[in-house]
Amino acid sequence: MRLNVGVVFGGKSVEHEVSIITALQMIENMNKLKFNPITVYLSKDNVFYYHERMTDISYFHDLQKVKEEAKRVIFNRRENNHELLEIKGKRINKLFDIDLVFIIMHGANCEDGTISAYFDLLNIPYVGSSLLSSAINQNKWKMKALLDYHHIPVVPYYGFYESDFYQDEKSVIENCERMGYPLIVKPATLGSSVGIQKCRNREELYQGIITALQYDTEVLVEIVIDNLMELNCSVLGDVSGYETSAIERVFQKDEILSYQDKYLRGKRKNTKGMESTSRELPANIDEELAKKIEKISIEASKVVGASGVLRIDFLYDELAKKLYLNEINTIPGSLAFYLWKAKNIPYHTLIEKLIDIALKTYQVKNSKIYSYESNILALSSNLNNGKLLK
């Protein structure tokens, strides 16, 4: 019997379109003998839609038309069953039973745990990290602070809130400048290199902060690593055990691996996403560095309590021989399948492993006690004429 897998993608994020690419790429590679993918698109105004044509990327060329044609849907839990319901006027019709949800959403308002919390509330099993882990990893500032506390090497950084900047611009600028130019300024909770700028002086730093604040209320400023080599490793599993993929070296056309590098170069109609980025796979690095990357990747994954598939991005100073963990992506573009393919794990096997992890996590979670059947408000000894006793 096939499992009905609700593949949820889109969302209120600057990475909305990237999410669509990743989701349709995954569906194309899913073993249809074991799983029945049910496409559920979350619009930019946070409304769920379903249409049988959503497996075709050309269907999303006009997002307004999608909202006009597709069925408006919601998820529901009825006793121990999970459903996808169509909302049509005052009528509600069941479209599908749902066995689990495969979350493929990138960026703030999505990958930050917002959508995980929604399915936690409905007690629907899902592929991906928990609310807490997702939120930590989406916020690069808070993630680096946690990793730094656990002695995992991160690039020297300074983080601040929008209110800090507008209350005392001079102090914030001076704190950034103490690290020394050049600096990288980025919105703390975005991905896909959106809103990132390299700054060489105070004027560029100020403008970089203003740009970052157009996207976020928190900003992260880091030093620039000289003699830079960018290396990525994927991790699969949960806190009970992780495994690592092959390691890649990424080559960028711009000073920063931009949104254009990742998704818009080459044929605009392809759906390869990060797979199409210029890379060396496996990376031509010495065994000692590779083992260090694998060790730190597993340690960091456990510190943040991640689950599912991750891509961990590293920066390596070739001259100083220093390795820094840069980012943890809990729902990486293309689900980092190409890193597992290089380790002889095909995409369809990766998908099956992710679903197995999700079902195991759900089973363990539901074996715990979260509430008691007793109701203290029903005990007269706790009440005094309708008022709580003090």
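In this predicted model, the buried residues of helix α5 (residues 140-149) are covered by elements that include α4 (131-138), β9 (157-161), β10 (183-187), β12 (218-223), α10 (287-304) and β17 (322-329). The residues concerned are Lys140, Trp141, Met143, Lys144 and Leu147. Around the helix axis they span an arc of only 165°, so they sit on the same side of α5. Just beyond the end of α5, His151 adopts a positive phi of about 65°.

Turning to the sheet, 8 strands form an open arrangement with mixed pairing, in the order β6-β5-β4-β3-β2-β1-β7-β8. Its edges are β6 (91-97) and β8 (126-127), each of which pairs on one side only. Strands of a sheet pair through backbone hydrogen bonds, either parallel or antiparallel.

Strand β4 (residues 71-78) runs antiparallel to strand β5 (residues 81-88), and 6 bridges join them. Within this pair, Ile74 has Leu85 of β5 as its bridge partner, while Asn76 stands opposite Glu83 in β5. The two strands make a hairpin with 2 residues between them, and Glu79 in the turn has a positive phi of about 55°. Next along, β5 and β6 are likewise antiparallel, over 6 bridges. Here Leu85 is partnered by Lys94 in β6. A hairpin with 2 residues between the strands is formed by β5 and β6 too, with Gly89 in the turn showing a positive phi of about 65°.

Helix α12, for its part, lies across β1, β2, β5, β7 and β8, and runs at about 120° to β7.

These helices also meet one another. Helix α1 (residues 16-29) packs against helix α12 (residues 347-365) at an angle of about 100°, with the axes 8 Å apart. The two are therefore roughly perpendicular. From α1, the contact is made by Thr22, Gln25, Met26 and Asn29, and from α12 by Tyr347, His348 and Ile351. Sorted by class, the contact of α1 with α12 comprises 3 nonpolar and 4 polar residues, with no charged ones.

Terms used:
Residues numbered from 1 in each chain as written. Predicted model: local features only at pLDDT ≥ 70, side-chain atom pairs only at ≥ 80, totals over all residues. Heavy atoms only, no water. Axes fitted to C-alpha atoms, helices over the stretch in contact; angles between N-to-C directions. Helix = DSSP H or I, 4+ residues; strand = E, 2+ residues; numbered from the N terminus. Parallel < 35°, antiparallel > 145°, perpendicular 65-115°, else oblique. Contact = heavy atoms within 4.5 Å. Nonpolar A, V, L, I, M, F, W, Y, C, P; charged D, E, K, R; others polar. Pairing = 2+ DSSP bridges. Buried < 20%, exposed > 50% of the residue type's maximum accessible area, 1.4 Å probe, protein only. Arc of directions from axis to C-beta.
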